[in-house]
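Please read the following with the sequence and the model side by side. The paragraphs begin at a single residue and then widen to the elements around that residue.

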Amino acid sequence: MTDVTRVLVVDDQVLLRGSFRILVENEPGLTAVGEAGDGAEAVELARLHRPDVVLMDVRMPVMDGIEATRRICGSPDTAGVRVLILTTFDLDEYVYAALRAGAAGFLLKDSPPAEVLAAIRVVAAGDSLLAPSVTRRLIEEFTRRPGLAACRDAAPPTGVTEREREVLELIARGLSNAEITTRLHLSMGTVKTHIGRLLSKLAARDRAQLVIAAYESGVVSPSDGGLGTH
């Protein structure tokens, strides 16, 4: 990533798309490399410009944001592009699908400008933007999925140590690195090392993907109590 973070704005609403672009252009260290009004155009522009971050709407014509995210994150040409999903509270059913597609995080469309800019920087730095509130909605969505029973009986991920499993469980429950250090009485460096090994062993792109892996491997399940247990 260069010193200037390059952003592609994707939304089918022209006014909203333009507003996000202006916000990005007026922020030092950020630049908008283009705009797309649908998912197919987003995929094309992502391949053309190789942005650091894509602000991706979900409901769009031609191709929705979930499929566009899947194609961007799944292509070797754009594997380094980070996708930040633009969502609203009435789109909870898309949370799981977007994470499976490779999204690095979520951002509410009505977030204050400062939060939007901070979110772009977090994702561009290689971190995931998965707030506890979003993790909670992910758990609720996962509870409704038909394959839940099978996942509960799934074998734990192979090659993961007991300590790494503990870290993975806490990540899936929405704890931050700092909270994990406190819970497990570990240093920040040790926690980061465990997370790095989990990313490698589980072939996960980022923290958001680790949450998915934790549920699909049966390390945690919604019946365990969710985020309200800590």
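Which residues does Asn177 touch, not counting residues up to four places away in sequence? Asn177 touches Met188, Val191, Lys192, Ile195 and Arg207, where contact means heavy atoms within 4.5 Å. This is a predicted model, in which local features need pLDDT of at least 70 and side-chain atom pairs count only at pLDDT 80 or more, while totals for chains, interfaces and linings use all residues. Residues are numbered from 1 along each chain as its sequence is written, and side-chain values use heavy atoms, with hydrogens and water left out.

Asn177 lies in helix H9, and because its relative accessibility is 18%, Asn177 counts as buried; buried means under 20% relative accessible area, exposed over 50%, and partly exposed in between, with a 1.4 Å probe and protein chains only. Helices (H or I, at least four residues) and strands (E, at least two) are DSSP runs, numbered from the N terminus.

The axes of H9 (residues 177–184) and helix H10 (residues 188–201) come within 9 Å and cross at roughly 110 degrees, which makes H9 roughly perpendicular to H10. Axes here are lines fitted to C-alpha atoms, for helices over the stretch in contact, and angles run from 0 to 180 degrees between N-to-C directions; those under 35 degrees count as roughly parallel, over 145 as roughly antiparallel, 65 to 115 as roughly perpendicular and the rest as oblique. On the H9 side, Asn177, Ala178, Ile180 and Thr181 meet Met188, Val191, Lys192 and Ile195 of H10. Sorted by class, this contact of H9 with H10 has 5 nonpolar, 2 polar and 1 charged residues, with Ala, Val, Leu, Ile, Met, Phe, Trp, Tyr, Cys and Pro counted as nonpolar, Asp, Glu, Lys and Arg as charged, and the others, Gly among them, as polar.

Turning to the strands, E1 (residues 5–10) is mostly covered, with 5 of its 6 residues buried. E1 runs parallel to strand E2 (residues 30–36) and is joined to E2 by 6 bridges, and two strands pair if DSSP finds at least two bridges between them. Within this pairing, Thr5 stands opposite Leu30 in E2. Strand E3 (residues 53–57) also pairs with E1 in the parallel sense, over 4 bridges, and Val53 in E3 is the bridge partner of Val7.

For the whole chain, there are 11 helices and 5 strands, and 50% of the 230 residues count as buried.
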